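This report describes how two protein chains meet in one model.

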Amino acid sequence: MIDAVRLLPLTLLGALLGADVVSFPQAMISRPIVASTLGGAITGNVMAGLLTGAVLEMLAMETLPVGASRYPEWGSASLVGGALAGAYPAMTPGAVIVGVFVGVATAWAGGWSMYALRRLNGVWAERAVPAMEMGSRRAVMTLQLRGLTADLLRGAVLTLIALLVWTPVTDHVLAHWTIGRAASHSVLAAVAAGVAGGAIWRQSHGAAGSKWYLLAGAVLGIILLVLT
Amino acid sequence: MITPDREPTAVAPRLSWGARVAVFTRMFAVQGSWNYELMLGPGIGFCAEPALRELPGGPDGDAYRQALARETRYFNAHPYFAAVAIGALVRAELEGRPAAQIERFRTAMCGPLGSLGDRLVWAGWLPFCSLVALLAFGLHASPVLVVILFLVLYNAGHIALRAWGVSTGWRSGLRVAASLGAPMLQRGPQYLARAVLFLAGLALPLAIARVVGRRGLEITSHDWRIALPGAALLAIALAVLLVRLPARVEGWRAALAVLAVLILTSIAR
């Protein structure tokens with residue numbers, strides 16, 4: 001359960017992470033492995049946040065944030081997912097799975113909110129064109145600052161709404177959770193690694209000798225797995 | 001005195017350190033007003049603006065107004081590689097290159113700066129850094145170490161790329177296209193693709209193991225012996241399926257559906 005005291009820092013951080021995806025500074029603090037870990041740290045269970053973040057990171061590897069394409073917004077969404085997973089006592093069955101589900105669902109909604117913001121920026125830009133064609137510094141600065149502020153607001157509103165909607169749902173789901181950790185986490189890990197593996201192969205298989213590089217890494221990975 | 005038809009100079013024009021710092025800092029917000037109409041255009045103008053103030057007549061002069069108007073028009077590129085265009089455009093404006101030549105340069109640079117950045121950063125450097133972080137996660141590194149490792153590694157490349165871009169653009173001016181043919185930029189995506197594939201093979205099994213949760217006896221050894229190979233086989237099957245399906249089939253949507261079924265099954269039992 002996320003209390004009201006934690007809503008404020010989470011909402012403010014959600015604003016920053018949402019803006020980092022595209023607007024400023026694109027330093028990838030919005031990547032799931034960072035954002036979700038921060039969410040878990042704020043709600044009291046950083047390990048649950050990291051676990052959720054690692055799974056979301058694998059799912060997000062499929063997303064190429066290329067120009068005009070529409071894609072999930074993983075920043076604010078991962079914060080929400082990590083915060084919810086971290087809000088319950090360590091090892092609560094189902095907490096990480098619900099955190100990941102919430103993260104993906106919120107990322108989907110976040111993608112739509114980014115699309116709406118880009119349309120809004122377009123309206124503002126078209127209105128500013130006559131002044132910008134006159135070389136108005138004020139028009140350029142206003143357009144840029146308005147876009148940045150709107151993106152911060154978008155991230156904050158998305159985070160707050162997601163937390164308010166998903167917190168009671170998560171409470172209910174976890175109170176009735178019945179599947180054991182081994183089975184549920186196996187499915188979670190398999191789905192995430194499958195999506196990541198498929199995405200990486202699609203993006204990188206054109207390189208010469210690609211399957212041998214993948215195979216060499218897998219052999220070393222399995223050896224490390226056995227040894228550690 | 002700079003005139004519109006002045007010949008390009010071999011030596012770059014003077015630009016104050018204050019303007020250089022301001023241009024570089026603003027590049028981190030180059031996509032602040034990104035939209036489907038002008039795309040990155042207003043952002044390019046926003047970044048170049050501190051340097052344009054050093055045109056003859058200052059920020060109240062005609063040269064400044066005309067240059068700023070030009071630089072806010074439609075432009076599209078990868079946000080990090082836009083630094084190359086910004087450096088080159090600032091130099092061209094301060095050298096007083098003809099407006100038509102600057103417009104042609106802007107049009108010509110959109111494609112190369114977009115595709116190079118997408119291949120090198122979004123499909124190369126970013127997954128490489130993600131996999132390094134997942135490897136650290138799989139090797140049971142602490143949350144602080146995983147996060148710091150990812151952020152330091154990624155941003156070392158990110159900031160270096162922006163700094164290289166703006167300085168290369170400034171040094172070469174409108175002849176900067178030749179710099180984009182550098183072997184490292186042309187072969188870099190291939191090298192990164194191989195490194196990403198190797199790291200994927202290495203990091204994903206370890207990450208699966210940590211998510212399933214052997215260490216700390218979160219699950220019994222009997223369950224572990226079934227769960228881990230089962231997860232690995234399921235992951236391979238799903239990856240193969242996603243590769244064979246058309247590119248428009250997105251794995252995260254499939255993951256959302258699977259998780260929804262898992263959650264509903266768990267609470268309905």
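## Contacts between chain A and chain B

Glu37(B) and Arg119(A) form a salt bridge through their side chains, at 4.0 Å from N to O. A salt bridge here is a side-chain nitrogen of Lys or Arg within 4 Å of a carboxyl oxygen of Asp or Glu. The pair crosses between chains: Glu37(B) lies in the loop between helix H1 (17-26) and helix H2 (41-52) of chain B, and Arg119(A) lies in helix H5 of chain A. Helices (H or I, at least four residues) are DSSP runs, numbered from the N terminus.

The model is predicted: local features need pLDDT of at least 70, side-chain atom pairs count only at pLDDT 80 or more, and totals for chains, interfaces and linings use all residues. Residues are numbered from 1 along each chain as its sequence is written, chains are lettered from A and ligands numbered from 1 in the order in which they are written, and side-chain values use heavy atoms, with hydrogens and water left out.

Over all chains the rule gives 15 salt bridges, and across the interface of chain A and chain B it finds three. Two salt bridges are listed here.

| Glu37(B) | Arg119(A) | 4.0 Å |

Between chain A and chain B, 25 residue pairs are in polar contact, both residues being at pLDDT 80 or more. A polar contact is a pair of N or O atoms within 3.5 Å; within protein, one must be able to donate a hydrogen and the other to accept it, and residues adjacent in sequence count only if both atoms are side-chain atoms.

In chain A, H2 (32-43), H3 (46-60), H5 (95-133), H6 (137-175), H7 (181-204) and H8 (210-227) each supply at least two residues of the side that touches chain B. The largest share of that side, 21 residues, comes from H7(A).

In total, 98 residues of chain A are in contact (heavy atoms within 4.5 Å) with 100 residues of chain B. The two chains bury about 8800 Å² between them, 73% of it on carbon and sulfur atoms; buried area is the accessible area (1.4 Å probe) that two parts lose on being put together, summed over both.

H7(A) and helix H7 (residues 183-212) of chain B pack at an angle of about 175°, with their axes 9 Å apart. Axes are lines fitted to C-alpha atoms, for helices over the stretch in contact, and angles run from 0 to 180 degrees between N-to-C directions. H7(A) is therefore roughly antiparallel (over 145 degrees) to H7(B).

Technical notes: Angles under 35 degrees count as roughly parallel, over 145 as roughly antiparallel, 65 to 115 as roughly perpendicular and the rest as oblique.
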